[in-house]
Amino acid sequence: MAIDRRGLKDLILAENPRDFCRGYLFDQEIYIFEKNDDFGIKGSYHALKCEIGNALDTSPNNVAIIGSGKFGFSMNPTKTELLKPFNRHSDIDIVIACPLVFERIWLNMRKSYYSNQNEVRENHANEIFSKFLVVHDKIEYKSKHMRDIVTLLDEMKKNISRKFRIKQKINYRIYANWSDVEAYHEFGITLLENVLRGPRGDNI
């Protein structure tokens with residue numbers, strides 16, 4: 001869906017957060033694939049979802065690009081520039097709903113914490129509350145399973161970047177299920193809507 005900043009702002013303000021997420025945020029129209037010639041990206045959005053789904057043994061329907069890679073503008077309400085345009089230095093954010101992988105990672109994180117690896121709690125406690133996980137490749141996990149997961153996700157990112165010629169950094173969030181994906185992003189859209197209705201939104 002090609003849209004400019006003002007159009008995106010108007011759309012966010014016109015829809016309630018749930019309808020916006022289901023009707024627009026999670027649809028199949030993705031900015032970086034619509035503008036693939038501008039960024040040198042190859043392949044299709046569906047093929048990318050299948051690649052990730054196959055790697056993690058989950059349905060491609062449980063994979064979605066969100067944020068600036070989705071609309072061409074950042075959805076982060078805390079950024080200095082609201083609805084900041086996507087550029088060659090922007091990250092590509094991908095959400096993955098995968099109960100099996102989530103549960104395995106969570107169980108191993110808990111074991112790591114019980115074995116006095118306190119940095120696991122420090123880095124992941126807030127994520128767990130929202131029922132998603134980000135596996136950090138900069139943390140030296142003691143668990144072999146966690147190291148294997150880091151390797152799997154790192155290889156998956158490299159394969160995605162190479163196969164689809166994506167030059168931007170790719171970030172993943174792994175959720176327990178799709179309802180948790182929706183809940184988190186509905187809350188985020190609510191925060192963004194409130195900011196857009198305020199003085200900072202007047203400049204858009």
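Colleague: What does Arg165 count as at 49% relative accessibility?
Modeller: Arg165 counts as partly exposed. Here buried is under 20% relative accessible area, exposed is over 50% and partly exposed is in between, using a 1.4 Å probe and protein chains only. This is a predicted model, where local features need pLDDT of at least 70 and side-chain atom pairs count only at pLDDT 80 or more, while totals for chains, interfaces and linings use all residues. Residues are numbered from 1 along each chain as its sequence is written, and side-chain values use heavy atoms, with hydrogens and water left out.

Colleague: OK, and where is Arg165 found?
Modeller: Arg165 sits in the loop between helix 9 and strand 4. Helices (H or I, at least four residues) and strands (E, at least two) are DSSP runs, numbered from the N terminus. The phi of Arg165 is near 55°, a positive value in a residue other than glycine.

Colleague: What about the phi of Leu83?
Modeller: That one is positive too, near 50°, and Leu83 isn't glycine either. You'll find Leu83 in the loop between helix 6 (68–71) and strand 2. With 0% relative accessibility, Leu83 counts as buried.

Colleague: Switching to helix 7: how far apart are its end C-alpha atoms?
Modeller: They're 22 Å apart, which agrees with the 22 Å that the 16 residues of helix 7 (residues 99–114) should span at 1.5 Å a residue. The expected span is 1.5 Å times one less than the number of residues.

Colleague: And which residues of helix 7 are buried?
Modeller: Val101, Phe102, Ile105, Asn108, Met109 and Ser112. Looking down the axis of helix 7, these buried residues fall within an arc of 140°, so they line one face of the helix. The arc is that of the directions from the helix axis to the C-beta atoms. On the other side of helix 7, Lys111 and Tyr114 are exposed.

Colleague: What covers the buried residues of helix 7?
Modeller: The cover includes helix 5 (45–56), helix 8 (118–129), strand 3 (132–133), helix 9 (144–164) and strand 4 (170–175).

Colleague: Can we zoom in on one of them? What does Phe102 touch?
Modeller: Not counting residues up to four places away in sequence, Phe102 touches Lys131, Phe132, Leu133, Ile174, Tyr175 and Ala176. Contact means heavy atoms within 4.5 Å. Phe102 is at 4% relative accessibility, so Phe102 counts as buried.

Colleague: Last one: what is Glu186 in contact with?
Modeller: Leaving aside neighbours within four places in sequence, Glu186 is in contact with Pro17, Arg18 and Cys21. Glu186 lies in helix 10 (residues 178–196) and is buried, with a relative accessible area of 14%.
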